[in-house]
Amino acid sequence: MANSKPLIITGNSLGGSVASLFTLSLLEKINFTNTKRPLCITFGSPLIGDEGLQEAISNYPTWNSCFLHVVSDQDPVPRVLINGYQPFGTFLLCSKLGCSCFEDPRTILELLKATYSGSPGNQDPNPVFDVYGTFVKDINRKVICKDTTMLPERTTQPLRACITTQIVATGLMQPEQQRQNVDINIIITEIAKREKMTAMLKREAFDPTKGLNDIKVNMAYLEWYKKLSKDDGIGYYDRYKNESRNGMKKTDMDVIRYKKSLTCFWEKMVDQAEKRPQTVGAFLRTRSIFGGTNFRRMIEPLDIADYYNIEGSRDYIKNGRAEHYKKLEQWLKETEKPSSSSGPNDLKKQNVKSSLTEDSCFWTHVEEALILCDSLNGRESGVMNKESSKKKRKSSAMDEESSKKKLVEFENYVYGLMKNYAVSSEIFLPKSSFMKWWGKYREIMETSYSSPLTNLIKNVEN
């Protein structure tokens, strides 16, 4: 598989079905990033797979292009399972007048039904098998001598003329075929409609390379917004959260627009990568890691801000986190290599001031810690009757112990990030939610409380 020669897999009749299944197995198991993909050529193969298999393969052009199915108008075998089974790949429909290729599954099914000219009672496979040998010789001759198929009149529309030429080659316009109550004009019209629809869908299809410049511009604007916020003594997370709550300025309105554009792009990118076959999908995910990670670390904090601006919102990770963030984080973990050193390198230390916090869910942990602090300080709102008040007093001691334990866990989590230079320095800005938590936490734990984090933050404050 490593050499430059293409691998061709072929089979006739039921052997064609085996060839198709074997090719699918190779495509799934072998990484063809640096080698040529196999080509599967079948002759008179029955259809395999239902609509789910057909859709999965047809939606991925690279795989779909690996299959060429040659079908004679005299061969009944490709038409045996025509009810319930779906075609994929390219079909080369042949007759004594020539041959034509078709890719649209509905068109292929329609033509398989309409073009059969064999005898229903003929069970001898040898004559049909010989026909395929003749087709191969004819195709070879046409490649050498060039095709001399008669074209329709010049007055015919180009698309319709092309389709008519294809239909002529399948033998469908022969007198014996037209006696089967087949309306050629309807078939040509329907095929033309599908071709136009396919062309439109291809133009509208998501292409990750087309929007890369816009994505870079949007990310650059958000980097500027982040710097602008820091210069004002407040991180971009808190600035966005406060402005969303109190009324947006034009600058923040632009952030929303760029945020939506970036989110739309990466939602589609993640969806495309997850739908692709394993080996190719893994290649696409690897290529997207850098950009996807920067997007997640820059944009997810803004989604967290929107989430906690809704009164009563709790546990963003469980209840509010979007699927594309989960997938992007999973991709990073799958590609990360274990660090060879015992601690952060010098480059990471130098870049920490301008970096994004590595954990894109950092601010949800801050928000949850703030809620715990408010609970311990007795700031929860709500009216309670005597019975509920009595129950609360009984459980308050346990609740307080549990809340303090969670706060200590959060403290250790923050200390771990700081120790590994994995958190942006903007969390220490005076107006940040993190410093707001720190003030409340210090009151709860009292001034005598000491820990690695308290010592570290004292050094930062000094």
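Before you click anything, one cut-off: a residue counts as buried when its relative accessible area is under 20%. Keep in mind, too, that this is a predicted model.

Start by selecting Asp303. Its relative accessible area is 19%, so Asp303 is buried. Lys259 sits in helix H11 (residues 250–275) and Asp303 in helix H12 (residues 278–308), so the pair ties together parts that are 44 residues apart in sequence. Which residues make up the salt-bridge network here? Select Asp306 too: Lys259, Asp303 and Asp306 are the linked members.

Next stop: Glu426 and Lys226. Their salt bridge has its closest N and O atoms 3.9 Å apart. The pair links distant parts of the chain, 200 residues apart: Glu426 is in the loop between helix H17 (386–419) and helix H18 (433–445), while Lys226 belongs to helix H9 (residues 212–231). Buried or exposed, these two? Both Glu426 and Lys226 are buried.

Last, go to helix H8 (residues 184–204) and pick Glu190 and Lys193, which are three residues apart and so separated by about one helical turn. Their side chains meet in a salt bridge at 3.8 Å, N to O. Colour by accessibility and Glu190 comes out as partly exposed at 29%, whereas Lys193 counts as exposed at 51%.

Terms used:
Residues numbered from 1 in each chain as written. Predicted model: local features only at pLDDT ≥ 70, side-chain atom pairs only at ≥ 80, totals over all residues. Heavy atoms only, no water. Salt bridge = Lys/Arg side-chain N within 4 Å of Asp/Glu carboxyl O. Helix = DSSP H or I, 4+ residues; strand = E, 2+ residues; numbered from the N terminus. Buried < 20%, exposed > 50% of the residue type's maximum accessible area, 1.4 Å probe, protein only.
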